[in-house]
Amino acid sequence: MNIILFGPPGAGKGTQSEVISQKQSIPAISTGNIIREALKSGSELGLRLKQYMSDGGLVPDEVVIDIIKERIKKSDCKNGFILDGFPRTIPQAEALDKMGIKIDKVLEINVSDDIIIERMSGRRVCETCGSSYHMQNKKPQVEGICDKCHGTLVQREDDHPDTVKNRLQIYHKQTKPLENYYSKQGKLTVINGDNKSIKETVELVLSALEA
Ligand code: ADP
Ligand code: ZN
């Protein structure tokens with residue numbers, strides 16, 4: 001099954017897509033993680049992308065479309081995949097359709113802006129492997145240390161409160177229109193992620209996939 005997961009920053013897409021990935025044995029592909037990996041390599045492209053990201057802005061469509069094109073060609077995607085954070089704009093969604101990639105389900109995780117702003121301040125990510133945690137809602141076993149690889153947990157530069165507000169504005173303007181795009185195609189399920197624990201949202205996501 002080919003699945004798209006979208007929602008505002010901090011909606012828990014990373015966690016949701018990991019759970020689906022394990023249950024269905026298909027890879028979870030996060031454009032955010034792929035881009036952050038590219039940044040670490042210090043290439044010229046990486047430096048250019050860093051600028052867009054640290055302001056909370058989007059990376060240009062052509063760049064992420066190329067990233068996705070290359071990634072879904074790989075053999076681990078032959079039984080399906082979950083896209084987390086792609087598409088994020090209408091042109092990106094159109095590009096997927098043009099590539100002839102059939103999407104089965106689109107899940108939108110809806111969380112209101114004030115809850116997002118509150119949650120983002122507690123988010124931490126592993127410097128080494130990119131896994132994400134939350135100081136209240138998804139604590140690591142040892143404070144400040146990644147459960148998976150023992151890397152150090154840090155706050156992402158673009159999780160700073162002012163940057164989060166900027167990202168939310170961009171989300172409403174550029175990403176939210178995907179709701180209409182995929183509901184017209186009959187593929188959309190909206191999940192309310194307000195005031196719910198990660199576990200409750202995971203259950204809603206899994207039952208939406210079974211429906
Ligand atoms: P979140 O879901 O928490 O907003 P991501 O890790 O998905 O964060 O993405 C972080 C940043 O990477 C975005 O703010 C944006 O700059 C860039 N990015 C990721 N995916 C895309 C995309 N599909 N199109 C444009 N930019 C993207
Ligand atoms: Zn780690």
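**Close-up views of a predicted model**

**View 1. Helix H7 and its buried face.** In helix H7 of this predicted model, the buried residues are Thr163, Val164, Arg167, Leu168, Ile170, Tyr171 and Thr175. Seen down the axis of H7, these buried residues fall within an arc of 165°, so they line one face of the helix. An α-helix has 3.6 residues a turn, so residues three or four places apart point the same way. On the other side of H7, the residues Asp162, Gln169 and Lys173 are exposed. The buried residues of H7 pack against several elements, namely the strands S1 (2-6), S4 (105-110) and S5 (123-126) and the helices H3 (44-54), H6 (113-120) and H8 (178-184). The length of H7 can be checked as well: its 15 residues, 161-175, should span 21 Å at 1.5 Å a residue, and the end C-alpha atoms are 20 Å apart, which agrees.

**View 2. Helix H9 and its buried face.** Helix H9, which runs over residues 198-210 and has 13 residues, reaches 19 Å from its first C-alpha to its last, close to the 18 Å expected at 1.5 Å a residue. Its buried residues are Thr201, Val202, Val205, Leu206, Ala208 and Leu209. Because these buried residues fall within an arc of 160° when H9 is seen down its axis, they line one face of the helix. Lys199 and Glu210, on the other side of H9, are exposed. The partners against which the buried residues of H9 pack are the strands S1, S4 and S8 (188-192), together with helix H1 (13-24).

**View 3. The packing of helices H2 and H3.** Two packed helices are described by the angle between their axes and the distance between the axes. Helix H2, residues 31-40, packs with H3 at an angle of about 130°, and their axes are 8 Å apart. That angle makes H2 oblique to H3, and the crossing of the two helices is left-handed. At this meeting, H2 contributes Gly32, Ile35, Arg36, Ala38 and Leu39, while H3 contributes Gly46, Leu49, Lys50 and Met53.

View 4. Ile3 lies in strand S1, the strand against which buried residues of both H7 and H9 pack. With a relative accessibility of 0%, Ile3 counts as buried, because the cut-off for that class is under 20%. Leaving aside its neighbours within four places in sequence, Ile3 is in contact with Ile20, Gln24, Ile26, Phe81, Ile82, Leu83, Lys105 and Leu209. Ile3 and Gly14 are 11 residues apart in sequence, and their C-alpha atoms are 13 Å apart in space.

View 5. The peptide bond from Phe86 to Pro87 is cis, with omega near -5°, and Pro87 lies in the loop between strand S3 (81-84) and helix H5 (90-98). Ser25, in the loop between H1 and strand S2 (28-30), has a phi near 50°, a positive value in a residue other than glycine. Ser25 is exposed, its relative accessible area being 62%. His150, found in the loop between strand S6 (132-134) and strand S7 (153-154), has a phi near 65°, which is likewise positive in a residue other than glycine. At 62% relative accessibility, His150 counts as exposed.

Technical notes: Residues numbered from 1 in each chain as written. Chains lettered and ligands numbered in written order. Predicted model: local features only at pLDDT ≥ 70, side-chain atom pairs only at ≥ 80, totals over all residues. Heavy atoms only, no water. Helix = DSSP H or I, 4+ residues; strand = E, 2+ residues; numbered from the N terminus. Expected span 1.5 Å × (residues − 1). Buried < 20%, exposed > 50% of the residue type's maximum accessible area, 1.4 Å probe, protein only. Arc of directions from axis to C-beta. Contact = heavy atoms within 4.5 Å. Axes fitted to C-alpha atoms, helices over the stretch in contact; angles between N-to-C directions. Parallel < 35°, antiparallel > 145°, perpendicular 65-115°, else oblique. Left-handed = near helix turned anticlockwise from the far one by under 90°.
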